[in-house]
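Here is a short tour of one protein chain.

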Amino acid sequence: MLGYSRCVSALRDVPLPAGFRVGNATLPGKATGCTVVICPPGSRGGVDVRGGGTGTRELEPLAPLANAEGPSAVVLAGGSAFGLACADGVVRWLEERRVGRATPLGVLPLVPTAVVFDETAGAFGTRPGPDDGYAACEAARAGVPERGRIGAGAGAMVGKLRGRERATLGGIGYAALGLANGVTIAAVAVANAFGDVLAEDGTVLGGPHGDDGGLLRSADLIPRTLELPARASGRGENTTLVCICTDASLDKRGCGIVARVASAGIARAVNPAFTSADGDITFCVAAGTEAAPPPGPAASWALIAVGTAAATVTAAAIRDAIAHSSGSQSPP
């Protein structure tokens with residue numbers, strides 16, 4: 001257990017790869033906000049969509065056949081579909097600094113965005129918007145990002161089978177590790193799942209609470225619950241979002257492959273995952289400047305190595321979100 005604790009600590013203490021910055025904006029007095037990952041110039045990006053209840057903007061530029069190489073920033077936001085407006089403020093902030101894809105008429109910031117459904121999504125006037133996206137950019141810093149109930153994770157909950165009032169607090173988590181060749185793989189995660197968050201040994205870190213306040217296991221309850229539970233969170237009100245940041249030299253196709261492999265980390269830490277009630281999405285942004293190896297066994301192995309590490313830090317970041325958000329929580 002001591003070795004495991006040291007390993008977890010190391011995963012949490014490794015800073016973001018050079019050039020990446022993460023910032024949060026949290027609406028005062030309201031359980032919502034947005035989180036922005038600002039990417040180094042020339043980054044490439046990919047995305048893997050697993051959930052059945054997604055809310056997104058501008059994912060198409062990350063498709064392997066799209067003309068653009070990668071994003072200027074990635075936005076994770078609360079407020080469900082209304083929170084997509086946060087990207088407008090991020091685009092404005094980037095344009096003011098002439099950051100984006102060069103066109104004959106000027107720079108065009110590319111800002112893929114994904115949202116979670118938090119408790120403010122249905123309340124007019126409480127959702128994050130363009131000003132919050134701009135503020136998150138202003139707050140963005142290198143190093144080890146802030147974690148807990150801030151930004152896109154300010155209103156997050158996990159284990160919602162018995163309703164939000166019996167769920168566990170979620171939030172923003174982070175983890176990173178270095179490969180033997182000096183490459184860094186980092187993950188920023190928003191934990192707002194319908195399912196439970198599990199530790200490496202399978203115990204429940206965050207899930208629904210029973211009448212006695214103890215944690216229950218959704219995977220045990222669901223097979224015995226054949227009718228829709230009256231208190232269960234509805235369709236689309238849940239999501240796990242992840243952004244992988246790396247200084248590996250990946251092309252766009254490689255980023256898409258790593259994003260897909262990294263999604264396995266969601267399935268390790270969340271059960272059930274990828275449901276029709278979740279909007280699970282994994283981004284991967286790579287900023288390495290060295291030439292990628294030519295197609296062949298070496299290139300395939302490089303993707304396996306990066307993807308394996310990405311899945312590891314994805315699971316660790318989700319667990320980290322619960323540790324930073326619910327460590328002192330008393331069961332309801």
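## Strand S15 and its neighbours

Strand S12 (residues 184-192) and S15 run antiparallel and are joined by eight bridges. In this pairing, Val190 stands opposite Leu241 of S15. Keep in mind that this is a predicted model.

S15 has another partner. It pairs with strand S17 (residues 281-286) in the parallel sense, over six bridges. Thr246 stands opposite Ala286 in S17. Val242 has Thr282 as its bridge partner in S17.

Is S15 (residues 239-246) mostly covered or mostly open? The strand is mostly covered, with eight of its eight residues buried. Thr239, Leu241, Cys243 and Cys245 are buried on one side. Thr240, Val242, Ile244 and Thr246 are buried on the other.

## The five-stranded sheet

These strands belong to an open sheet of five, in the order S3-S17-S15-S12-S11, with mixed pairing. Strand S3 (44-49) and S11 stand at the edges. Each has a single partner strand, so one side of each has no neighbour in the sheet. From one strand to the next, the twist averages 15°.

Helices pack on this sheet. H5 touches S3, S15 and S17, and its direction makes about 40° with that of S3. H6 touches S11, S12 and S15, and its direction makes about 145° with that of S11.

## The three-stranded sheet

Another open sheet has three strands in the order S14-S13-S16, with antiparallel pairing. Strand S14 (204-206) and strand S16 (270-271) are its edge strands, each pairing on one side only. Two bridges link strand S13 (residues 196-198) to S14. Leu198 has Val204 in S14 as its bridge partner. Helix H6 (residues 297-326) packs on this sheet and touches S13, S14 and S16. The direction of H6 makes about 110° with that of S13.

## Nonpolar cores

In soluble globular proteins, nonpolar side chains tend to be buried together. The largest nonpolar core here has 37 residues. Ile185, Ile244, Leu250, Val313 and Ile318 have the most contacts inside this core. Strand S11 (171-178), S12, S15, helix H5 (252-269), S17 and H6 each supply at least two of its residues. Which element gives the most to this core? H6 does, with 11 residues.

Ile244 shows how these parts meet. Beyond residues up to four places away in sequence, Ile244 touches several others, including Ile185, Ala186, Ala262, Phe283, Val285, Ala310 and Val313.

A second, separate core has 26 residues, among them Phe20, Val74, Ala114 and Cys243.

## Residues under cover

Gly171 lies in strand S11. Ser72 is found in the loop between strand S4 (56-57) and strand S5 (73-77). The table gives the relative accessible area of each.

| Residue | Relative accessible area | State |
|---|---|---|
| Ser72 | 7% | buried |
| Gly171 | 0% | buried |

Why do both count as buried? Buried means under 20% relative accessible area, so Ser72 qualifies at 7% and Gly171 qualifies at 0%.

What lies around them? Leaving aside neighbours within four places in sequence, Ser72 is in contact with Ile38, Cys39, Leu94, Val99, Gly100, Pro109 and Leu110. With the same exclusion, the contacts of Gly171 include Gly148, Gly153, Ala156, Ala189, Val190 and Ala321. The C-alpha atoms of Gly171 and Ala287 are separated by 26 Å, and these residues are 116 apart along the chain.

Helix H3 (residues 130-139) also has buried residues: Asp132, Gly133, Tyr134, Ala136 and Cys137. Their cover includes strand S1 (21-26), strand S2 (33-38) and helix H2 (86-96).

## The whole chain

The chain's secondary structure comes to six helices and 17 strands. Of its 332 residues, 56% count as buried. Its C-alpha atoms fill a box of roughly 60 × 45 × 35 Å along the principal axes.

How does the radius of gyration of the chain compare with that of a compact globule? With 332 residues, such a globule would have a radius of gyration near 20 Å; the chain has 19 Å, which agrees.

Among contacts with a separation of 6 or more, 79% join residues 24 or more positions apart. The accessible surface comes to about 13800 Å², and 56% of this area belongs to carbon and sulfur atoms.

Key
Residues numbered from 1 in each chain as written. Predicted model: local features only at pLDDT ≥ 70, side-chain atom pairs only at ≥ 80, totals over all residues. Heavy atoms only, no water. Buried < 20%, exposed > 50% of the residue type's maximum accessible area, 1.4 Å probe, protein only. Helix = DSSP H or I, 4+ residues; strand = E, 2+ residues; numbered from the N terminus. Pairing = 2+ DSSP bridges. Contact = heavy atoms within 4.5 Å. Axes fitted to C-alpha atoms, helices over the stretch in contact; angles between N-to-C directions. Core = buried A, V, L, I, M, F, W, Y, C linked by side-chain atoms within 4.5 Å. Rg over C-alpha atoms; globule rule 2.2 N^0.38 Å. Areas by Shrake-Rupley, 256 points an atom, 1.4 Å probe, with all protein chains shown as cover.
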